[in-house]
Amino acid sequence: MPLLPSKEAPKGVALAEPEVIEKHADVLIVGGGMGACGTAFEACRWAEGKDVSIMLLDKAALERSGAVAQGLSAINTYLGENEPDDYVRMVRTDLMGLVREDLIFDLGCHVDDSVHLFEEWGLPCWIKKDGKNLDGAKAKASGLSLRNGDAPVRSGRWQMMINGESYKCIIAEAAKNALGEDRYMERIFVTKLLLDANVPNRIAGAVGFSTRENKVYVFTCNTCCVACGGAVNVYRPRSTGEGMGRAWYPVWNSGSSYTLCAQVGAEMTMMENRFVPARFKDGYGPVGAWFLLFKAKATNYKGEDYCVTNRAMIKPYEDRGYAKGNVIPTCLRNHMMIREMREGRGPIFMDTKTALQTSFASLSPEEQKHLESEAWEDFLDMCVGQANLWAAQNCAPEERGSEIMPTEPYLLGSHSGCCGIWVSGPDLDWVPDDYKIKADNGKVYNRMTTVMGLFTCADGVGASGHKFSSGSHAEGRIVGKQMVRWTLDHKDYKPALKQSGADLAKELYQPWYTYKEFANASTAPDINPNYITPKNFMTRLIKCTDEYGGGVGTFYTTSKALLYTGFWLLGMLEEDSKKLCARDLHELMRAWEQYHRLWTVRLHMRHIAFREESRYPGFYYRGDFMGLDDGKWKCFVNSRFDIEKQELTCFKKPYYQIIPN
């Protein structure tokens with residue numbers, strides 16, 4: 001019987017029975033962002049001349065994949081004249097005293113080398129000369145270079161300015177050149193990792209499908225790295241209607257890093273942590289350069305600097321060592337802003353006018369024009385939508401302040417957040433044994449998860465924030481070297497899968513089979529008693545998490561009762577996930593993305609329910625446990641999904657301070 005005419009015809013590639021293609025790669029890299037590019041680049045270096053096969057699978061296209069897709073105007077982690085010890089102290093302070101100091105110190109020792117490579121590959125970096133700021137083009141024309149010791153233009157102690165619209169293209173080109181045409185595949189969405197059928201707790205492969213053709217790829221591997229970014233649209237965004245797709249973090253990040261690893265039993269850590277950035281309202285434009293480079297102030301409606309008027313709020317955290325002088329953790333800055341809005345002193349404005357006028361005071365007309373163009377480029381590099389919003393609102397930022405607002409929550413591990421996967425630290429004497437994961441051969445492999453042979457980096461690594469773009473790439477390089485080492489140490493391993501390629505393909509294409517079976521039950525394509533569309537699924541998900549998991553609708557406040565109401569609703573959503581439908585390849589991708597979002601945000605809420613304190617005020621509040629409780633909770637909250645019992649268990653893991661105050 002033919003399908004009834006639809007009011008909304010499928011817009012993407014039509015679905016059909018997929019071709020099943022089975023392949024093997026010793027080193028399998030899942031993802032295409034900065035971390036994955038770093039992994040690929042370094043793995044190729046260490047595999048050269050050795051019998052090691054490599055394959056990278058990216059859901060998108062490498063040139064514009066990941067969080068750096070649209071570009072950046074600054075590299076946020078460049079140590080330069082700073083010491084790794086101080087880098088650890090900064091990260092530890094910003095994340096309220098709970099971080100893996102071994103991982104952060106290790107990264108701090110390597111990150112600058114990645115930045116120097118970026119410059120050599122063609123990234124224009126700003127250089128300071130004779131008290132003047134030279135942009136990338138002028139610096140290069142003057143023969144200046146970071147590797148030669150020339151000082152970068154700092155927008156903060158750890159940040160340096162770049163001309164970065166093509167930042168990701170440059171990094172992707174280097175990765176592609178290292179890989180060659182036959183060692184990477186684009187538009188392949190990996191939906192599931194595969195464990196070995198005979199060896200317990202051993203990664204054996206991954207399965208995914210093409211988003212452009214009806215093909216399912218089943219890969220076996222010796223070792224695998226998952227680096228698929230963080231999670232967006234797991235909470236209801238502030239933008240609605242046509243603007244609902246607008247977010248601060250890239251909308252294609254669906255929590256796959258966390259879901260893929262958690263589902264095969266990898267230990268997770270600090271999944272209760274989240275990042276709620278303060279950004280230009282509705283446009284989500286970056287505020288960092290305005291704060292750091294242009295010295296702009298954020299004020300309430302009275303024109304008061306609320307960080308000054310609310311300073312007393314910070315004292316309890318200063319007394320515990322979580323804030324020091326002008327070093328106030330990001331969440332506590334939000335904490336002060338939220339108080340202003342709760343008590344009726346909003347909206348909050350960024351005083352862009354005063355910042356520009358102050359900056360112009362000591363500059364020539366030519367220098368003023370150049371600085372103004374750089375202020376605009378800061379947005380055009382990474383948030384062109386902000387310029388559109390200013391135009392739509394008839395706002396000239398040099399004449400009028402712009403409203404800023406905390407966004408909806410995001411889950412990530414490389415920015416000012418630290419949720420993710422528990423990994424092994426380096427095999428060094430000063431690293432606590434609790435931070436090392438020993439493999440079957442007794443060796444320690446840096447950044448390996450608790451699943452043997454499974455690695456992660458960048459947003460995937462938990463309890464280790466403030467990597468940003470450069471740190472993600474550097475951590476990927478650490479992983480790339482370790483993966484080749486693992487492969488050479490396990491040359492005799494032969495992966496065996498529990499499911500056949502045909503069965504895996506049937507599982508991946510189930511949303512299409514569901515749609516075909518029940519499409520005639522309704523004349524409306526998005527309303528059907530037998531299936532749910534990916535869009536409707538996400539709408540239900542973000543309504544639940546917003547209202548019960550501490551979203552913008554409750555000023556980021558939740559409680560045990562709210563969380564467990566949310567779990568009840570998410571349980572029904574889990575049942576309905578088996579009824580997800582797909583009318584074309586694009587919707588098939590969306591269906592699996594929503595399933596990954598469900599797993600990720602439920603992990604997040606389970607961790608919040610377990611940690612009975614408000615460790616990150618300004619990011620979220622436990623209304624029934626306000627304040628910090630260092631006596632009980634100065635520790636990591638970890639979890640593990642038991643595959644046999646289909647149960648998640650949360651537990652505490654000790655924190656060790658390595659770098660002294």
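Trainee: Let's start with His604: is this residue buried or exposed?
Mentor: The relative accessible area of His604 is 0%. Under 20% is called buried, over 50% exposed and in between partly exposed, using a 1.4 Å probe and protein chains only. So His604 is buried.

Trainee: What kind of model is this?
Mentor: Residues are numbered from 1 along each chain as its sequence is written, and side-chain values use heavy atoms, leaving out hydrogens and water. Local features need pLDDT of at least 70, side-chain atom pairs count only at pLDDT 80 or more, and totals for chains, interfaces and linings use all residues, since this model is predicted.

Trainee: Thanks! Which residues is His604 in contact with, leaving aside neighbours within four places in sequence?
Mentor: His604 sits in helix H20; helices (H or I, at least four residues) and strands (E, at least two) are DSSP runs, numbered from the N terminus. With contact meaning heavy atoms within 4.5 Å, the partners of His604 are Tyr235, Met271, Glu272, Asn273, Arg274 and Leu411.

Trainee: How do H18 and H20 lie relative to each other, roughly parallel or roughly antiparallel?
Mentor: The axes of H18 (residues 534-548) and H20 (residues 585-610) come within 9 Å and cross at roughly 15 degrees. Those axes are lines fitted to C-alpha atoms, for helices over the stretch in contact, with angles from 0 to 180 degrees between N-to-C directions. Angles under 35 degrees count as roughly parallel, over 145 as roughly antiparallel, 65 to 115 as roughly perpendicular and the rest as oblique. H18 and H20 are therefore roughly parallel.

Trainee: Which residues of H18 make the contact with H20?
Mentor: On the H20 side, the contact is made by Glu587, Arg590, Ala591, Gln594, Arg597, Leu598, Val601 and Met605. Facing them from H18 are Pro534, Phe537, Met538, Leu541, Thr545 and Tyr548.

Trainee: How many residues of helix H3 are buried?
Mentor: H3 spans residues 101-108 and is mostly covered. The cover includes helix H2 (84-94), helix H4 (111-121) and helix H15 (468-489). The number of buried residues in H3 is 8 of 8.

Trainee: What is phi of Met96 near?
Mentor: Met96 is in the loop between H2 and H3, and is buried with a relative accessible area of 0%. Most residues other than glycine have a negative phi. Met96 has a positive value, near 60 degrees.

Trainee: Is the peptide bond from Gly346 to Pro347 cis or trans?
Mentor: Pro347 lies in the loop between helix H11 (330-342) and strand S14 (348-350). Most peptide bonds are trans. The bond from Gly346 to Pro347 has omega near 0 degrees, and is cis.

Trainee: How many disulfides does the structure hold?
Mentor: A disulfide is a pair of cysteine sulfur atoms within 2.5 Å. The number of disulfides in the structure is 0.

Trainee: How far from Cys331 is the nearest cysteine sulfur?
Mentor: Cys331 is buried, with a relative accessible area of 1%. The nearest cysteine sulfur belongs to Cys418, and its distance is 10 Å.
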